[in-house]
Amino acid sequence: MEKQFVKMEFDVFAEWNTHPPMYRVYVNDELFNERTYRWQSNEYITEILQIDAKPGEYNVRIENHGGEFTVRSLRRSVGKVKVINNSRFEIIEENASK
């Protein structure tokens, strides 16, 4: 199985008390993004993950530092992908007839 390029997106919302929180986005155990949530506390932002990986299931995880995060609408924008839920997706083999 060859690696395939896919682009996944999801929305992130943060709540905090005093200072904007920092968070990390992992796909399986690989760190993809690390940022401080510098937007308004009532505003969703869109995270974009560009992934070059072999077909299979992958888990998206938020590691939160200082706030409470909500994730919604995990979706594919490029590539052959089946979204399982808001934290899991499967890259489908290009030649597979699904």
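Partly exposed here means a relative accessible area between the under-20% buried class and the over-50% exposed class. Keep that in mind as you click through this predicted model.

Start with glutamate 63: at 22% relative accessibility, it counts as partly exposed.

Next, select asparagine 33 in strand β3 (residues 30-36). Its relative accessibility is 15%, so it counts as buried. Show what surrounds it: beyond its neighbours within four places in sequence, asparagine 33 is in contact with Tyr23, Arg24, Val25, Glu47, Ile48 and Leu49. Zoom in on glutamate 47, whose side chain makes a polar contact with the side chain of asparagine 33 at 2.6 Å.

Stay on glutamate 47, and bring up arginine 35: they form a salt bridge, with the closest N and O atoms 2.6 Å apart. Glutamate 47 belongs to strand β4 (residues 45-53) and arginine 35 to strand β3, so this pair ties together parts 12 residues apart in sequence. Is glutamate 47 buried or exposed? It is buried, at 1% relative accessibility, while arginine 35 is partly exposed at 29%.

Last stop: select Glu9, Asp11, Arg72 and Arg75, which are linked in a network of salt bridges. Within it, aspartate 11 pairs with arginine 75, their closest N and O atoms 3.2 Å apart.

How values were computed:
Residues numbered from 1 in each chain as written. Predicted model: local features only at pLDDT ≥ 70, side-chain atom pairs only at ≥ 80, totals over all residues. Heavy atoms only, no water. Helix = DSSP H or I, 4+ residues; strand = E, 2+ residues; numbered from the N terminus. Buried < 20%, exposed > 50% of the residue type's maximum accessible area, 1.4 Å probe, protein only. Contact = heavy atoms within 4.5 Å. Polar contact = N/O pair within 3.5 Å; in protein donor to acceptor, adjacent residues only side chain to side chain. Salt bridge = Lys/Arg side-chain N within 4 Å of Asp/Glu carboxyl O.
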